[in-house]
Amino acid sequence: MRRDPIGKRILAERPRVTDATIELCRVMPPGTFGAGYATFMGDRRFSADERPPVRFVDDEELAYVITRAREVHDFWHVLFDCHTNVFGELALKGLEFVQTGLPMTGLAVLGAQYRLKPVDRELLQRHYLPWALRAGSRCTDLMCIYYEQHFEDNLEDMRREHRIIPAPQPPQHLRFRGSKPPAKA
């Protein structure tokens, strides 16, 4: 990030992705990156404020970089049109590994794929991990995008600008079906 002008600026300014970010995006026009992000978070009832803090990292700048990687992960779901089930998360973790080289992302792919049915694991290995390698190698350095300055941008234009290859659509049984209503007390 230090070698990229935008990455360097992000490191200096240290923007954070919080629930206030989601609220800001809720007012963005349809078709924008911000609207896509707000819809993604709202449909899944995700809160940006619920992420646990980074632990066991003494270097303040490195701790911020890891925090930033966690916080922008949901932006990547939107940009790459990746679902949030185990299958979609593993595909995106594969892309993250290509992009960041963070061991935790590679280990997640190696270990968690065994939570999938054998037929789904084969689909992941034959189609989605090769997509992750291709998409992660082709796109802009995802850690050096100042996402907060692109909320009003058209989502498709943003994908083109950053050479984003959306994920292949998963089979019907692996697609997101919407969030479940909250349990009644």
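1. A contact here means heavy atoms within 4.5 Å. Of the contacts in the protein with a separation of 6 or more, 70% are between residues 24 or more positions apart. The model is a predicted one, in which local features need pLDDT of at least 70 and side-chain atom pairs count only at pLDDT 80 or more, while totals for chains, interfaces and linings use all residues. Residues are numbered from 1 along each chain as its sequence is written, and side-chain values use heavy atoms, with hydrogens and water left out.

2. The protein has eight helices and zero strands. Helices (H or I, at least four residues) and strands (E, at least two) are DSSP runs, numbered from the N terminus. Read from that end, the order of elements is α-α-α-α-α-α-α-α. The radius of gyration is 16 Å, close to the 16 Å that the globule rule gives for 185 residues, so the protein is as compact as a globular protein of that length. This radius is taken over C-alpha atoms, and the rule is 2.2 Å times the number of residues to the power 0.38. The C-alpha trace spans about 45 × 40 × 40 Å along its principal axes.

3. Of the 185 residues, 43% are buried. Buried means under 20% relative accessible area, exposed means over 50%, and partly exposed lies in between (1.4 Å probe, protein chains only).

4. Is Gln 113 buried or exposed? Gln 113 counts as buried because its relative accessible area is 5%. Its place is in the loop between helix H6 (103-112) and helix H7 (118-138). Not counting residues up to four places away in sequence, Gln 113 touches Leu 90, Ala 108, Arg 121, Leu 124 and Gln 125. With Gln 125 there is also a polar contact of 2.4 Å between the side chains. A polar contact is a pair of N or O atoms within 3.5 Å; within protein, one must be able to donate a hydrogen and the other to accept it, and residues adjacent in sequence count only if both atoms are side-chain atoms.

5. Glu 161 is in helix H8 (residues 155-161). Its relative accessibility is 47%, so Glu 161 counts as partly exposed. Leaving aside neighbours within four places in sequence, Glu 161 is in contact with Thr 140 and His 150. Leu 110 is 51 residues from Glu 161 along the chain, and their C-alpha atoms are separated by 31 Å.

6. The largest pocket holds about 380 Å³ of space. On a 1 Å grid over the protein atoms alone, a pocket is an open set of points with protein on both sides within 12 Å along at least five of seven lines, a cavity is a set where a 1.4 Å probe fits but cannot get out, and lining residues have an atom within 4 Å of a point. Grid points are joined across faces, edges and corners, and a volume is the space filled by probe spheres set on the points. The pocket is lined by 17 residues, with Arg 51, Arg 70, His 73, Asp 74 and Lys 93 nearest its centre. Helix H4 (60-80), helix H5 (86-100) and H6 each give two or more residues to this lining, and H4 gives the most, with four.

7. There is one cavity of 30 Å³ or more. The largest cavity has a volume of about 60 Å³. Its lining has 12 residues, including Tyr 128 and Pro 168 among those nearest the centre. H5 supplies the largest share, three residues.
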